[in-house]
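Visitor: I have just opened this one and would like to be walked through it. Could we go slowly, one topic at a time?

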Amino acid sequence: MNKNSIYSANEYSVCAIIVTYNRKYYLKHLINGLLRQTRPLEAILIYDNNSTDNTNLMLMDLKLIDSDHFNVINKKIINDIQIMYYRSKCNEGGSGGFHYGIKMISDMQFDYLWCMDDDVCPDEGCLEELLLHISPETQLCLPSRTDERFIDHAITYVNMSNPFKYNTRMRKTRVCNDDIEGNVIEIKDMPFEGPLISNNLVKEIGLPKKELFIIFDDTEYAFRAKEKTKLLYCKKAILHKQIIPVKDPTYLAGWKEYYGWRNQFWFDRTHGENFFVKIFRPLFQVLHIYLRTIAKGKWSDFKVINRAYIDGISNNLGITIKPGTQSKMF
């Protein structure tokens, strides 16, 4: 056990923060996983991004909540764990959900925040394992998503100085989960799928950037966090992905691709370490996307790409494209 571990004293409070939107069945499995942790949580916050699939009714049927009023924190105690449900009147995206959810819990003075999307599910000992490695020097620990269906990678380096390392594959150094020696490895990037974060770190670096709406908010947050503390990836802390993405070659770009591209262009423009990365990396990236789109014959995607590039380099963030919009609607 890490000599600086907080777990042995068990005197610190941990609250899980789930951001959910229209995935009630996955959310149900996730909550069950959280309630079965070998190191019990003190609280769970479910931040509902205005779901339209009756997520609120499912939670009431399961007796997890007694009320579902909009824009208030509805509370209930189950097995000594405080269940909190916040039902937003609008969809703030994953970025906005984590921004507001983390703010709520940080203001309540919980010591550690365990953040995750609604489509993952932790092993029973996941939190206990993460707590073994958290310390004053390591204020963020990330679980592994490796199982029989998915191979995870630890991102140990993000290149922000070479303009020719323009796409995410080229700029990031990845170490396969099975190739990691020992149980932990230091990382420089993360997904919002299970990081355990010290509230002290949140107070120091601030909240996730809600203006990104979705995608790249986790990378941007890790970028700030790594300047203040060590980030660790923990092999033995297992968090399963309930949804494994499958690529459809006939799929046309739409609102999700727009936000991913826009936010990446903005990130390079904002956080690039030199003039060449700030100016030329977004340009090289957009040219690469153009060529890839031409090769696939998806001509309608050009509208999405153009809008993403212009908005990204112009710092035009926020909810600029309505969720559900596809390329032919741009």
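Visitor: Which residue does Glu-211 form a salt bridge with?
Guide: Glu-211 pairs with Lys-209, and their closest N and O atoms are 3.8 Å apart; a salt bridge here is a side-chain nitrogen of Lys or Arg within 4 Å of a carboxyl oxygen of Asp or Glu. This is a predicted model, in which local features need pLDDT of at least 70 and side-chain atom pairs count only at pLDDT 80 or more, while totals for chains, interfaces and linings use all residues. Residues are numbered from 1 along each chain as its sequence is written, and side-chain values use heavy atoms, with hydrogens and water left out.

Visitor: Are those two buried or exposed, or something in between?
Guide: Glu-211 counts as partly exposed because its relative accessibility is 29%, and Lys-209, with a relative accessible area of 24%, is partly exposed too. Buried means under 20% relative accessible area, exposed means over 50%, and partly exposed lies in between (1.4 Å probe, protein chains only).

Visitor: How many salt bridges are there in the whole structure?
Guide: A search of the whole structure finds 19. One of the pairs is Asp-119 with Arg-23, whose closest N and O atoms are 3.2 Å apart. This pair links distant parts of the chain, 96 residues apart, with Asp-119 in the loop between β5 (112–117) and β6 (120–122) and Arg-23 in the loop between β1 (14–20) and α1 (24–35). Helices (H or I, at least four residues) and strands (E, at least two) are DSSP runs, numbered from the N terminus.

Visitor: And how covered is Asp-119?
Guide: Asp-119 counts as buried because its relative accessibility is 8%, whereas Arg-23, at 28%, counts as partly exposed.

Visitor: What does Asp-189 pair with?
Guide: Asp-189 forms a salt bridge with Lys-172, the closest N and O atoms being 2.6 Å apart. Here too the pair links distant parts of the chain, 17 residues apart, since Asp-189 is in the loop between β10 (184–186) and β11 (193–198) and Lys-172 is in strand β9 (residues 172–176). Both Asp-189 and Lys-172 are buried.

Visitor: Which residues are linked in a network of salt bridges?
Guide: Arg-145, Asp-152, Glu-193 and Lys-241 are linked in such a network.

Visitor: What about Asp-53, which has no salt bridge?
Guide: Asp-53 is buried, and the nearest side chain of opposite charge, Lys-24, is 5.6 Å away. Lys and Arg count as positive and Asp and Glu as negative, while His and the chain ends are not counted. Asp-53 is found in the loop between β2 (43–48) and α2 (55–61), and its side chain reaches the backbone nitrogen of Arg-23 at 3.3 Å.

Visitor: New topic: where are Asn-79 and Asp-80?
Guide: Asn-79 is in the loop between β3 (73–78) and β4 (81–87), and Asp-80 lies in that loop between β3 and β4 as well. Phi of Asn-79 is near 50 degrees, a positive value in a residue other than glycine, and Asp-80 has a positive phi of about 70 degrees although it is not a glycine. Asn-79 is exposed, with a relative accessible area of 68%, and Asp-80 counts as exposed at 72% relative accessibility.

Visitor: Last one: how many residues of helix α7 are buried?
Guide: Eight of the nine residues in helix α7 (residues 217–225) are buried, among them Asp-217, Tyr-221 and Phe-223.

Notes:
A polar contact is a pair of N or O atoms within 3.5 Å; within protein, one must be able to donate a hydrogen and the other to accept it, and residues adjacent in sequence count only if both atoms are side-chain atoms.
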